[in-house]
Structure formats: C-alpha cells, structure tokens
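Colleague: I am new to this structure and would like to understand how its descriptions are reached. Could you take me through a few of them?

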Amino acid sequence: MNNELDKFINLEEGWIDRRIFSDEEIFRQELEQVFARSWLFVAHDSQIPNPGDFLTTYMGMDGVIVTRQKDGSVKVFLNSCPHRGNRVCFADAGNARRFACNYHGWSFDIAGSLQGMHEEYCYDPGDIDKSKWGLKHVAKVGNYKGLNFATFDPDAPSLEEWLGDFRWYLDLILDNEEGGTEFIGGCIKSEISANWKFGVENFIGDAYHAGYTHDSGARAMNDGNPFPPIDMESSYHASVNGHGYEFGTEGVGDLILLGRPKVIEYYDKIRPKIAERLGELRSKIFGSVASASIFPNVSFLPGISTFRQWHPKGPWNFELKTWVIVNKAMPDDIKEEITKGVMQTFGPGGAFEMDDGENWENCTTVNRGVVTRKEKLHYRCGIDRRIDHPQLPGVVYRGQYNDANQRLFYQRWADMMNAPALSDMPERYKSVFGGRETRDYPGINAL
Ligand code: FES
Ligand SMILES: [Fe+2]
C-alpha cells in the first residue's frame, strides 16, 4: 500500500478516489496506520470524576477500559482478558474495585493488574507470573483541558505537540469560561451504515451542506427563517495538522440554531469576559456558525454544544457517540436549556441530525458500485483562496464554503497511511513528529 495512495488522492487537482470510503484493504490499513498510531479521545474528566470510576470505549476497533485511579491519574488498558481474550468489562460505565472475567474468573484491579484467579491452586509454581499477565496498557495517556486522550504508539509525540496550534481553536469550546467544561446527561449511541470519514469530514469543514440539507431543520429552529447567511469575506477554514475548524465571525449563528433564547442571553452577558479570556477575535468566533473535528475521529459544534466521536465498525459502518458539553460554571437552568437545545437539533431525532445520516449512508453504499467506485469525487472548492491571516493560526482559507479543511484532513490521513513510522511523516509536520520530507503535495504549502 505504501506510496500507492497517490492514485487515491490528488490534492493539487482536488479529487479523491471513492475507494477510500469502502475498500476493505484500505480500512484494514487505516486501523493499523491511523488508529493504532494516533492520539485518540477516550473520556472527558467529568465522566470519571472519582477513584474507581470507569468507562469502556474503543480505540479504532480495539475495546479499552478507561479508569480513574486512587491518585487521580487516568489509566487506559485493553478490555480483553490475557487468558482467552474475553471482555473483562461489559458495562458502558460505572464504579468498580475490580474487573472479573466471566469465563474462568481471572480478576484485575482498577490499574489493570492481575490480582487472582478462580481455583488458583490449578496453576503450579512457575506456570504464571501474575505481575506479567495484567491487562495490556496503552503506550501513553494525556489530558488537554479536561479531554483525556490515549495512544497505542510509544513513539507518538506528546499530546500538546499532536494538537499543536489547534489548541487555539479548541479553547473556544474548552476554555471560554472560568472552570472549564463537563459532559452532562450521559451518552447517546447510534449505529450508522456509513464510512466513519463521512462524519468527520462533514464536521471538519462542510458548512456548504448545511443550508441545503438542513433547510427545513433551520426553519424549524429559527422561526421559519432559513439558515443564517454566510459572509464569505469574514468566515474561514483553518486547519492544523489535519485537525480543522470552519467558522464565521458573526457570533450568533449557531446559538440561533440551538433555538434557546435564554442561552443567547447568557452568552451576551458573558461575552465581554470571553473577550478578556480569549481575545476580541475569538469572542466573535464563539457562537458563530461553526463546526470542527480533531484528527482522526472527534467532532464538535462549539455554539451548539454537541461533542461526538465516530468509531469505525468496518469500512461501511460506524458507531456514533454523542454527548452534551457545557461550562461547569453555568447555572443549572442554562445547562438544562442547552441540553434540550442539543436534543432538539443534534439528538438522534433532532432537526439536523436526522438529515445527515441518510446522506452518509447513501454516499457509502453508492460509492461501492464496481463501476461507480472507479470515478473520482470533487474536492476542489475554494482551492485558490488560501490567505495569510495575522491572527488565525494554521493553514487558513477565506470563506466558510470551502473544501480546504477536508483536503487537509485527507492529506494528513494519506500521510499517515503512507508513513512506515511516525518519524517518516513529511516535513510539514516537523513541529509535531520531527520527521523528514518524504513526499509533498504541490499547491498545499508546508505548515
Ligand atoms: S478468558 Fe478470561 S479468565 Fe479465561
Ligand atoms: Fe449536517
């Protein structure tokens, strides 16, 4: 596969080969090259506040348990017994003192260490060194402003380097008010018969679909008015190392779409404080029509407060997990208003959520056709609109209707698919990987 992906993606001409959304060999490589080497979101601090709190999730298609330790740290290990491989935890979340395997009763403490087995006398001295047969830990765990990430790759850069200047954009949702954020109201899981990348690319930059796909939803949430108009001069795409944020600077579009006037009032009140905290420009970006994704599989809408992760379940299916994210400092009634707004818009039956899944499922199914899959897909919108912006970090393009963030996401994806090791990533990621130049895409300048 290495170095063959040039034929699947051409960012200079602005097209992508449809097979990246359906080919089983490409999917198998994605799990190895992208998911097993990336920093992946695993839990928000607020989901596991106390010692013994745990949740189960996925890193790629590998199940993991995320636990809060007695010393406050977070550990992440495979949810798979080293005896025959069974799951050791079947719950989504809870509080535990140990995890006991259903099959032969091996049990593990909350740090994943093997504590004991059923009928332990059946093992002779020398049969097993318990200290070596605990649950397999990930290579590294990191936290950025309440979001816990983990990676299986011991050679991965630090989480700070991985996120890089994208933290400037992440702070819009994670740090716009003193006290940070929390997830409230549990998690909603949906299964969608589509390739996971369609969800990520939709949130990373596809403002273009919103006014059309979601016309009726926008009218329902906005007193019969259509989607708020986009000003192409004062809206942007910004990409950092494949993470992307697309946004206006009008300050209210997403808050209007949330459909809860009290929430708009609340943000009007704290906006001067947001300006003090994050600067004038970011106080105008906050609340605008915007969407974002963290490479490879997390997305969020900063003004609408949905936070989500797209877990691959094969080339043609993903599981979507969604949460409501709010500021801890908000009064309870505002948190409640936001929760209702998120359910009305991006809950499973929400005015916007329902429209997207059908499109992604159709894109996935149709792109599999034996003749259809040989045709290209167009990704050239706004290809010449790159600008230098004095304040906005990353690779910035003018105009929110653009394929720029999508192109740069797929560039990062292709670079990881091609790189034998992370240290082989191209020069444009040198601040992240300390790598060397191996290939380049003309027309997209080094970061
Ligand atoms: S598979 Fe877990 S104890 Fe045997
Ligand atoms: Fe959408």
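Modeller: Two residues are in contact if their C-beta atoms, placed from the backbone, lie within 7 Å. Please keep in mind that this is a predicted model.

Colleague: Which residues does F21 touch, leaving aside those up to four places away in sequence?

Modeller: By that cut-off, F21 touches N195, K197, F198, C363, T364 and N367. F21 itself sits in the loop between β2 (15-17) and α1 (24-35), and its C-alpha atom is separated by 20 Å from that of R37, 16 residues apart from F21 along the chain.

Colleague: What makes F21 buried or exposed?

Modeller: A residue is buried if 20 or more other C-beta atoms lie within 10 Å of its own. F21 has 25 other C-beta atoms within 10 Å, and therefore F21 is called buried.

Colleague: Why does E119 count as exposed?

Modeller: The cut-off for exposed is 12 or fewer, and E119 has 8 C-beta neighbours inside 10 Å, so E119 counts as exposed. E119 lies in the loop between β10 (114-116) and β11 (140-144), and has a positive phi of about 45° although E119 is not a glycine.

Colleague: What kind of peptide bond joins F295 and P296?

Modeller: The bond is cis, with omega about 0°, and P296 belongs to the loop between β16 (290-294) and β17 (298-301).

Notes: Residues are numbered from 1 along each chain as its sequence is written. Chains are lettered from A and ligands numbered from 1 in the order in which they are written. This is a predicted model: local features need pLDDT of at least 70, side-chain atom pairs count only at pLDDT 80 or more; totals for chains, interfaces and linings use all residues. Helices (H or I, at least four residues) and strands (E, at least two) are DSSP runs, numbered from the N terminus.
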